[in-house]
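This briefing goes through the two chains shown below, starting with overall build and ending with local detail.

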Amino acid sequence: MIEIVSPALKPMPAEFPRLAVAQVSKAFGANKVLRDVSFSVRAGEIVSLVGENGAGKSTLMHICAGSFPADGGAMALDGAAFRPASPKAARRAGVALALQETSILPDLSVGENLFFGDEPRNGLGFIRQKRLHEAADAQFAEMGFALKSTRMGSELSAAERQMVEIAKAIRLKPRLLILDEPTASLSSHETELVLAAMARLKAQGSAVIFISHRLDEVMEAADRAVVLKDGALTLDAERGAFSRDDLIRAMVGRTLADIFPARPADLAVAPVRLSVANAAAAGLKPLSFSLRAGEVVGFAGLEGQGQRPLARALSGITPFHGGEIAIDGAPIRLTSVARGIAAGIASIPDDRKHEGLALDLPIRMNVSLFALSRRSSWGWLAHALERRFAETARQRFAIRSTGIDQPVRQLSGGNQQKVVFARWLAETPKVLVLYEPTKGVDVGAKTEIYRLIGDLTAAGVAVVLISADMLELIGLSDRIHVLFEGAVTGTLARPEFSEEAIMRLAAGPEGVLNHAA
Amino acid sequence: MQPRGSVCPNLMLGLPALLLAVAIGAIATTWSGDFMSAGNLGNLVNRVLPLAIAALGEAVVLFAGRIDLSVGSVISLSTAILGVTSAQLGWLSIPLVILAGLACGAFNAAGVILLRINPLIMTLATSAVVKGIALLLLPSPGGEVDYSFYDAFYGQDQFFGWPLLLIAVAFAATFAIFGFTRFGRSIYALGSDGRAAFANGVNVPGIDLSVFLISGGLAAVAGLAVGIKILSGDPLIGDSFTLDAIAAAVLGGVALQGGRGSVFGVLAGAIALVLIGNAFNLLELNTNLQQIAKGLIFVAALMLFMRGRSRSPA
């Protein structure tokens, strides 16, 4: 079905870039995700696409790969107009996409996933299962990936799923390979393997676009960097013509000092607000840490190393097993969200659409949801009180909207997140647990959220910040714990902060050894 | 056992149903001497046939993560068409019935694909429509099916005959499709994870259309088997088949959420269900007890095959 006759090897007229994107724009509802983006990729070139969460990178790559069409603009592949109607059409044209949200089919084996839609068949059209597994194992061996073809898709870890996804895309020897955050869940060693595979493809004449949040990786592997900010292109520079700082400035539109609140120099004298001693949870080994009043403690790590269980346990959604949790020195039993709230813990979930907001209800009802019990008399809502409360919250949190009666669905990601904050911060908590607080939030709203966090810590709130965003972790935290397989592998103090230092710890004990060697 | 891809572990899924069938058979044999008689075995094959074929079609839909609640009505309609037309049309009424079944499948598919109606609701609605048509055609059981149909197909109700061959061919072909073709794998893929399947280039509307056509077509074949067996039409006879077909599939290890199940498990499930009914009859137990037993087995099968599909959302 999908036939790619190594088009990468065919000589192409040099004057045409492999992919040219001209003034592509896209909106989802009222939300403009891409604004007139133009850039191009040459054959044999690795281009890194950089930008913050929600900058429009994934949307742009999905358009290139045929997942959905652009609203405006045009694309050309080797000089010919390129309008893929589906992922399949794009693949047939030689554009392969490996998604961050992987497309591994859980009920098929790894090999069956690798060859899906392109299985080796005999003359009768029957799939040659044995040949398929042999070919898959051979490819994994060639790439150095430690994967077995006969394992089931459902057994794979996040990193393994990502490896299969990448192997799938590379197997097609595409004209253009697009990797959407290929390394977000990979250790340093696995990342090296992926970068090596990219280099091999490049040597064969393919073009590669890879999205990454890790600037070290971009500096190392990219021939050119293209930066998106809020859906518009802000930088397009050849290797050597840009620095790390250039990338950051292009991503966020200002220098870091302007975005993040200043941190107080010394918090060692503040009283301990939250202490967690020897508490374990599903996916989390026994963990001990403490936060002083006004302190921000960050949790970093590769994807799926215990961040989610930690966030859920701290907010009371899933229980801690054993150990002791204390707030202001008084032990608490954190067995439900309600108990957490009563003890002074507010938590902002990462998935605001599913866990945080009722999208079709107005701002008014969303912000007062948590404060509901306080704003009712004998179970009846006091409407005037609710309206006054919501209006105050709208102003305090700078929620950009037509009014408190506007449904939350119509707001931008950043303003939706502010509604979540408004709800949980109706009363000032003692401890604030943030899990990916600025995912899918534009830079403007992000800055406002960071300022809010700064104000809260100044008022003595202790903040747990669980995030995959390195800039955010480094910019906001006073201390960073690094998680690996559900345990803390190291702790960094503010002067020691760097992406590299975090990544080294994030690879786990083995990674530390690798680096030492 | 080292799984070698999706085919082998799926074969294992049919094991509980097979064991259940064997166990019921063994119990029935010890309690009633008639069970293993040649007459009863031939009778069993004839009873297994319509349920097995209908369950096979249902299973194909379930593999894709959809469901078809119109199977029973299509069976009723098939017998009604056969009963009304076979006197005039003769053998031509058979392709007519199959076309009607395919049309029902196409109607289901149209609602699911074009109008994006949830399959559960769409096929329930289709079921009502089709049942209405069957009742219009043939308001009460009747019509006539020529005995030559019976003679040609069921013969002397022997064990080795056309019904057994039809079961064998239908299941072997479906097994080959799901084990070794891209088409079958695409159906599994859709049921396993619809979004991932789309991202992998699966033609989702095409698969939806295919599975509902297969289900409608096979239900019509099951209806033919029923109509020829009773030598008449009956606009309500198919009612119990919808739940029985789903139960047979689930008993055979088919996941209601899609993406998992074995073709032979479905056959074993259908055999087990028919044996339960047969054993109850031979032991002269109350038929209402039979309903209760079937319902409980359905729930037990669901519990048996429930698995933690809680994949971390990465």
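The points that follow are grouped by topic.

The model is predicted. The largest nonpolar core has 242 residues.

**Chain A: overall build**
- Chain A has a radius of gyration of 24 Å, close to the 24 Å given by the globule rule for 517 residues, so chain A is as compact as a globular protein of that length.
- Along the principal axes, the C-alpha atoms of chain A fill a box of roughly 75 × 50 × 50 Å.
- Of the 517 residues in chain A, 50% are buried.
- Among contacts in chain A with a separation of 6 or more, 69% are between residues 24 or more positions apart.
- Chain A is divided into three parts: domain 1 (17-104 + 156-253), domain 2 (105-155) and domain 3 (258-516).
- A distance of 42 Å separates the C-alpha centres of domain 2 of chain A and domain 3 of chain A.

**Chain A: the open sheet**
- Four strands of chain A form an open sheet with antiparallel pairing, in the order E2-E1-E4-E5.
- Strand E2 (31-41) and strand E5 (80-81) of chain A are at the edges and have a single partner strand each, so one side of each is left without a neighbour in the sheet.
- Strand E1 (residues 19-28) and strand E4 (residues 72-77) of chain A run antiparallel and are joined by 5 bridges.
- Ala20(A) is placed opposite Ala76(A) in E4(A).

**Chain A: the buried strand E3**
- Strand E3 (residues 46-50) of chain A is largely enclosed by the rest of the structure, because 5 of its 5 residues are buried.
- E3(A) is covered on both faces: one side carries Ile46(A), Ser48(A) and Val50(A), the other Val47(A) and Leu49(A), and all are buried.
- E3(A) runs parallel to strand E8 (residues 207-211) of chain A, with 4 bridges joining them.
- E3(A) also pairs in the parallel sense with strand E9 (residues 224-229) of chain A, over 4 bridges.
- Val47(A) stands opposite Ile209(A) in E8(A) and opposite Arg224(A) in E9(A).

**Chain B: overall build**
- From the N terminus on, the elements of chain B run α-α-α-α-α-α-α-α-α-α-α-α-α-α.
- A compact globule of 314 residues would have a radius of gyration near 20 Å, and the 19 Å of chain B agrees with this.
- The box filled by the C-alpha atoms of chain B, taken along the principal axes, is roughly 60 × 45 × 35 Å.
- In chain B, 51% of the 314 residues count as buried.
- Residues at least 24 apart make up 79% of the contacts in chain B between residues at least 6 apart in sequence.

**Chain B: annotated segments**
- An unreviewed UniProt entry lists residues 44-64, 71-91, 97-115, 120-139, 159-180, 209-230 and 263-283 of chain B as "transmembrane region".
- Residues 71-91 of chain B are 90% helix and 0% strand, with end C-alpha atoms 23 Å apart.
- Residues 263-283 of chain B are 95% helix and 0% strand, with end C-alpha atoms 30 Å apart.

**The nonpolar core**
- The residues with the most contacts inside the largest nonpolar core are Ile178(A), Leu51(B), Ala54(B), Ala55(B) and Ala270(B).
- Leaving aside residues up to four places away in sequence, Leu51(B) touches Phe241(B), Asp244(B), Ala245(B), Ala248(B), Ala270(B), Leu273(B) and Val274(B).

Conventions
Residues are numbered from 1 along each chain as its sequence is written. Chains are lettered from A and ligands numbered from 1 in the order in which they are written. This is a predicted model: local features need pLDDT of at least 70, side-chain atom pairs count only at pLDDT 80 or more; totals for chains, interfaces and linings use all residues. A nonpolar core is a set of buried Ala, Val, Leu, Ile, Met, Phe, Trp, Tyr and Cys residues joined through C-beta atoms within 7 Å. A residue is buried if 20 or more other C-beta atoms lie within 10 Å of its own, exposed if 12 or fewer, and partly exposed in between; C-beta atoms are placed from the backbone. Two residues are in contact if their C-beta atoms, placed from the backbone, lie within 7 Å. Helices (H or I, at least four residues) and strands (E, at least two) are DSSP runs, numbered from the N terminus. The radius of gyration is taken over C-alpha atoms; the globule rule is 2.2 Å times the number of residues to the power 0.38. Domain bounds come from an automatic or database domain assignment. UniProt positions are given in the numbering used here, feature names are shortened, and annotations may be inferred rather than shown by experiment. Two strands pair if DSSP finds at least two bridges between them.
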